[in-house]
Amino acid sequence: IPFCRQICTYCDFYRVGAVSLLPALVPQMLIEMEQRADYIADKRLTSIYFGGGTPSLLPPEDIERIISRARELFDCSAVEEITIEANPDDLTEEYVARLAATSVNRVSMGIQSFDDEVLAFMNRRHTGVQAEEAVIRLRRVGINNISIDIIFGVAGFEERLNDTLRRAVALGVEHISAYHLTVEENTRLGLL
């Protein structure tokens, strides 16, 4: 789901900032799934993963539409994990309640840091507190397979990493991915 409300300073992925185009995406994805159904007709899927951009910009009902159509087109009998990547500030009380009504059973959150200055430097649209609250909300609705991403190696902020790691571990999430910040040529950071 290559749409983003805000582009991070380090992002080198394909993404679209025109979120107004998002509603047209799901019908086109369903058409493409039908057109490519033979591509993996002989395979049993073991997971379904909604990556980004920002999949949490999609209404949970649209996510479930995609999952349902995948189950009709593909052998999903072995699927154990259905993951959606999410930005913490998208995970409001209402959104997580609606998400809990879908087949999604794992959320991978791009927290990156719990330090608000580091988040501002990376042009992230959430705060450290919002990230912690998102994990609590997910747990409250029964989504208990949570992964968070952390970025380390942010120049000028190295001494703040320990606090981010401490807060990440204190949340008791099931998985923490840590990525070293790589400054790519055509990103905002790369142009500095």
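Contact, as the word is used in these legends for a predicted model, means that heavy atoms lie within 4.5 Å of each other.

**View 1. Helix α2 lies across strands β1 and β2 of the sheet.**
In this predicted model, helix α2, made of residues 60–73, lies across β1 and β2, the latter spanning residues 81–86, and helix α2 runs at about 150° to β1. Another helix, α6, which covers residues 161–170, packs on the sheet where it touches β4 and β5, and the direction of α6 makes about 175° with that of β4.

**View 2. The open sheet is built from 5 strands with parallel pairing.**
The strands follow the order β1-β2-β3-β4-β5, and from one strand to the next the twist averages 20°. Strands β1 (47–50) and β5 (175–180) stand at the edges, where each has a single partner strand, so one side of each is left without a neighbour in the sheet. Strands of a sheet pair through backbone hydrogen bonds, and the pairing can be parallel or antiparallel. Within this sheet, strand β3, residues 106–112, runs parallel to strand β4, residues 146–152, and the two are joined by 4 bridges.

**View 3. Helices α3 and α5 cross in a right-handed manner.**
The axes of helix α3, residues 93–100, and helix α5, residues 128–140, come within 9 Å and cross at roughly 40°. On the α3 side the contact is made by E93, V96 and L99, and on the α5 side by R137, L138 and R140. Sorted by class, this contact has 3 nonpolar and 3 charged residues, with no polar ones.

**View 4. The rings of F121 and F157 form a tilted pair.**
The count of aromatic pairs comes to 1, and in that pair the ring centres of F121 and F157 are 5.6 Å apart with the planes at 50°, so the pair is tilted. The pair links distant parts of the chain, since F121 belongs to helix α4 (residues 116–121) and F157 to the loop between β4 and α6, 36 residues apart. F121, at 30% relative accessibility, counts as partly exposed, whereas F157, at 15%, counts as buried.

**View 5. Backbone geometry is shown at G52, G53, Q112 and N123.**
Most residues other than glycine have a negative phi, and most peptide bonds are trans. The peptide bond from G52 to G53, however, is cis, with omega near -5°, and G53 has its place in the loop between β1 and α2. Q112, although not a glycine, has a positive phi of about 70°; Q112 is found in strand β3, its bridge partner in β4 is I150, and at 8% relative accessibility Q112 counts as buried. N123, also a residue other than glycine, has a positive phi near 60° and lies in the loop between α4 and α5.

Note on methods: Residues are numbered from 1 along each chain as its sequence is written. This is a predicted model: local features need pLDDT of at least 70, side-chain atom pairs count only at pLDDT 80 or more; totals for chains, interfaces and linings use all residues. Side-chain values use heavy atoms; hydrogens and water are left out. Axes are lines fitted to C-alpha atoms, for helices over the stretch in contact, and angles run from 0 to 180 degrees between N-to-C directions. A crossing is left-handed if the near helix is turned anticlockwise from the far one by less than a right angle, and right-handed if clockwise. Ala, Val, Leu, Ile, Met, Phe, Trp, Tyr, Cys and Pro count as nonpolar, Asp, Glu, Lys and Arg as charged, and the others, Gly among them, as polar. Two strands pair if DSSP finds at least two bridges between them. Rings of Phe, Tyr and Trp (its six-membered ring) pair if their centres lie within 6.5 Å; planes under 30 degrees apart count as stacked, over 60 as edge-to-face and the rest as tilted. Buried means under 20% relative accessible area, exposed over 50%, partly exposed in between (1.4 Å probe, protein chains only).
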